[in-house]
Amino acid sequence: MDAPEEPLPPVIYTMENKPIVTCAGDPNLFTSVYPTLSQQLPREPMEWRRSYGRAPKMIHLESNFVQFKEELLPKEGNRALLTFPFLHIYWTECCDTEVYKATVKDDLTKWQNVLKAHSSVDWLIVVVENDAKKKNKTNILPRTSIVDKIRNDFCNKQSDRCVVLSDPLKDSSRAQESWSAFLTKLRTLLLMSFTKNLGKFEDDMRTLREKRTEPGWSFCDYFMVQEELAFVFEMLQQFEDALVQYDELDALFSQYVVNFGAGDAKCGFYDSAGC
């Protein structure tokens, strides 16, 4: 009789300045693919197209993968992008109809309900196909049937939000093709979410800047917002864009010094932030 397999050591997650991706479902499954995923995700560049006529750029996307928790989801009015989870992934290798009905379906339902409650629409379900897990089992449906069930139960018209990853730890052409397709899908969804949420952040920042002549407006509060944007560009290694944010802040600061010296009581320089 073979000795039982040793459990995989836990992955230590660090809160570095990288786009955050949460992981739910089977933690051991994700732990097994995490080393390869974290290494290969940033290898291929993605074309980043932004609004306002700005030129596209090639960027390498890295991610900080963390365990899914409801408290990580952004609350109303939270502007912070560095702590914003851009994508939520549910991992399962279920191929047994009874297991799906008894546990996985209910767990997926709870996960999606939490995301819906926080208006989080950027998610992906990954079904890992592992031939070794199918041995000596009954109630097995073909992999496509399990995937079809998940798509019918949870994806509605977004069938592309459920993907199959075939034997990710095997060294075969089929496994490599599946892994490559999964990485492309992950990069695409991550970049789409990042672009959408960054655009909203920039719009909110511009709205805040346009209120600078109103009573109670604080330069220090605004500084924290635009500095956050600079940190985000730095996170993407877009250093010129990061420097532009500080140049704009410097110009705004200089104008406020001039206005304050001229006796403009509405400059907002010493308002609520206590600067």
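## Basis and overall fold

The model is predicted: local features need pLDDT of at least 70, side-chain atom pairs count only at pLDDT 80 or more, and totals for chains, interfaces and linings use all residues. Residues are numbered from 1 along each chain as its sequence is written, and side-chain values use heavy atoms, with hydrogens and water left out.

The protein has six helices and seven strands. Helices (H or I, at least four residues) and strands (E, at least two) are DSSP runs, numbered from the N terminus. In chain order the elements read β-α-β-β-β-β-α-β-α-β-α-α-α. The protein has 275 residues, and 41% of them count as buried. Buried means under 20% relative accessible area, exposed means over 50%, and partly exposed is in between (1.4 Å probe, protein chains only).

Contact means heavy atoms within 4.5 Å. Among contacts in the protein with a separation of 6 or more, 72% join residues 24 or more positions apart.

## The sheet

Five strands form an open sheet in the order 4-1-5-6-7, with parallel pairing. Two strands pair if DSSP finds at least two bridges between them. In general, strands of a sheet pair through backbone hydrogen bonds, either parallel or antiparallel. From one strand to the next, the twist averages 30 degrees.

Strand 1 (residues 20-25) pairs with strand 4 in the parallel sense over four bridges. There, I20 has N64 of strand 4 as its bridge partner. Strand 6 (residues 123-129) pairs with strand 7 over five bridges, again in the parallel sense. V128 stands opposite L165 of strand 7.

## Helix packing

Helix 2 (residues 97-117) lies across strand 1, strand 5 (85-92) and strand 6. Helix 2 runs at about 175 degrees to strand 5. Axes are lines fitted to C-alpha atoms, for helices over the stretch in contact, and angles run from 0 to 180 degrees between N-to-C directions.

Helix 1 (residues 27-40) packs on helix 4 (residues 173-210) at an angle of about 60 degrees, with the axes 11 Å apart. The crossing is right-handed: the near helix is turned clockwise from the far one by less than a right angle. Helix 1 contributes V33, T36, L37 and Q40 to the contact, and helix 4 contributes W179, F182, L183, L186 and R187. By class, the contact has six nonpolar, two polar and one charged residues. Ala, Val, Leu, Ile, Met, Phe, Trp, Tyr, Cys and Pro count as nonpolar, Asp, Glu, Lys and Arg as charged, and the others, Gly among them, as polar.

## Two nonpolar cores

A nonpolar core is a set of buried Ala, Val, Leu, Ile, Met, Phe, Trp, Tyr and Cys residues joined through side-chain atoms within 4.5 Å. In soluble globular proteins, nonpolar side chains tend to be buried together. The largest core here has 50 residues, of which L37, F65, W91, V126 and F182 touch the most other members. Helix 4 supplies the largest share, 12 residues. Beyond its neighbours within four places in sequence, V126 is in contact with I89, Y90, W91, T92, V163, L165 and F182.

Another core lies apart from it, with 20 residues, among them F68, Y90, I150 and C162. I150 lies in helix 3. I150 is buried, at a relative accessible area of 1%. Not counting residues up to four places away in sequence, I150 touches Y100, L108, I125, V127, C155 and C162. I150 and L108 are 42 residues apart in sequence, and their C-alpha atoms are 9.0 Å apart.

## Positive phi in two loops

Most residues other than glycine have a negative phi. N156 has a positive phi, near 50 degrees, and is not a glycine. N156 lies in the loop between helix 3 (143-155) and strand 7. With 68% relative accessibility, N156 counts as exposed.

Q237, also not a glycine, has a positive phi of about 60 degrees. Q237 lies in the loop between helix 5 (219-235) and helix 6 (239-261). Q237 is exposed, with a relative accessible area of 54%.
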